[in-house]
Every structure is written in structure tokens, then in C-alpha cells.
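Reader: I would like to learn how to read a structure one feature at a time. Please give the general idea, then the case at hand.

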Amino acid sequence: QVQLVESGGGLVQAGGSLRLSCAAFGSFFSIRAMDWYRQAPGKQREMVARITNGGTTTYADDVNGRFTISRDDAKNTVHLQMNSLKPEDTAVYYCSADLLWIGVGVRTYWGQGTQVTVSS
């Protein structure tokens, strides 16, 4: 069984910062890519940032330069540092991880989501 446990969401004023964390628990062999997605009310879920097991990062255009994704492989954890937050960043943020299982291959798992609210 796998659990992705997210933390760090909350309420912040525009221009402020938050740091999200997501830890993966389970008997998988290794973690491949880890992603952060978000879903605002009435909108589709969208990718915010991705980091591969090689450390390559990708960002959505509207967060590039403001958000930074990083990972700590020793702790099976991914972080999302969010700076210069805007009201339009308000959403539920989800962690996603591609986990490698011996004899099975790669499977994708999701966290439960954490609410980020940015007030104007």
C-alpha cells in the first residue's frame, strides 16, 4: 500500500509565500518523476511543476519564476516553494508520484490534496 501525505497548505495574502511538502510511504523500489498539480473550483486539474529522478524540472508558464520544485530522495519527499502568490493561485494542490515496483513497473499515485487560498 502506498500513501502520499501532503502538508503545508493554508491561507496567505497576495505576495506571500507557502511551502508544500509531500512524502511517499510504501514498499516501492524507487521514485521516478514527482509532480504537483492543482485544481481550482470549476476548472480542470492542471500540472504546476514536475521533477524527474534526474532532477530535471518543468513548470507551467504562469508559475515559472515564482514556484520552485525540489526533492529529497533520502526522505522520499517532494517540495513546492511558492513565492509571490496571487489570488489566481488559489486551488487544491495535489502531489503525484510515479513509483517503480519490482516485477510490476511504474505506477502513478496521488495525494489527498491540500488547500491553498490566496487573499487579495
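Reader: In which loop is the place of Asn 76?

Author: This is a predicted model, in which local features need pLDDT of at least 70, side-chain atom pairs count only at pLDDT 80 or more, and totals for chains, interfaces and linings use all residues. Residues are numbered from 1 along each chain as its sequence is written, and side-chain values use heavy atoms, with hydrogens and water left out. Helices (H or I, at least four residues) and strands (E, at least two) are DSSP runs, numbered from the N terminus. Asn 76 sits in the loop between β7 (67–72) and β8 (77–82).

Reader: What is the phi of Asn 76?

Author: Most residues other than glycine have a negative phi. Asn 76 is not a glycine, yet its phi is positive, about 50°. Ser 84 also has a positive phi of about 50° without being a glycine. Ser 84 lies in the loop between β8 and β9 (91–101).

Reader: Are Asn 76 and Ser 84 buried, partly exposed or exposed?

Author: Buried means under 20% relative accessible area, exposed means over 50%, and partly exposed is in between (1.4 Å probe, protein chains only). Asn 76 has 26% relative accessibility, so the residue counts as partly exposed. Ser 84, at 40%, is partly exposed as well.

Reader: How many helices and strands are there in the chain?

Author: The chain has zero helices and eleven strands. Its elements, read from the N terminus, are therefore β-β-β-β-β-β-β-β-β-β-β, and the radius of gyration of 14 Å is close to the 14 Å that the globule rule gives for 120 residues, so the chain is as compact as a globular protein of that length. The radius of gyration is taken over C-alpha atoms, and the globule rule is 2.2 Å times the number of residues to the power 0.38. The C-alpha trace spans about 50 × 25 × 25 Å along its principal axes.

Reader: Which residues is Leu 18 in contact with, leaving aside neighbours within four places in sequence?

Author: Contact means heavy atoms within 4.5 Å. Leu 18 belongs to strand β3 and counts as buried at 15% relative accessibility. With neighbours within four places left aside, its contacts are Gly 8, Gly 10, Val 12, Leu 80, Gln 81, Met 82, Leu 85 and Val 116. For the chain, among contacts between residues at least 6 apart in sequence, 54% join residues at least 24 apart.

Reader: Where is Gln 39, and what does it touch?

Author: Gln 39 is in strand β4 and is partly exposed, with a relative accessible area of 28%. Not counting residues up to four places away in sequence, Gln 39 touches Gln 44, Arg 45, Ala 91, Val 92 and Tyr 94.

Reader: Is Gly 111 buried or exposed?

Author: Gly 111 counts as buried, at 11% relative accessibility. This glycine is found in the loop between β10 (105–110) and β11 (114–119). Beyond residues up to four places away in sequence, Gly 111 touches Leu 4, Glu 6, Tyr 94 and Cys 95.

Reader: How far apart are Gly 26 and Leu 4 in sequence and in space?

Author: They are 22 residues apart in sequence and 9.0 Å apart in space, C-alpha to C-alpha. Gly 26 lies in the loop between β3 (18–25) and β4 (30–39) and is partly exposed, with a relative accessible area of 42%.

Reader: What volume does the largest pocket have, and which residues are the closest to its centre?

Author: On a 1 Å grid over the protein atoms alone, a pocket is an open set of points where a 1.4 Å probe fits, with protein on both sides within 12 Å along at least five of seven lines; lining residues have an atom within 4 Å of a point. Grid points are joined across faces, edges and corners, and a volume is the space filled by probe spheres set on the points. The largest pocket has a volume of about 180 Å³. Of its 13 lining residues, Arg 38, Lys 43, Glu 46, Asp 62 and Glu 88 are the closest to the centre.
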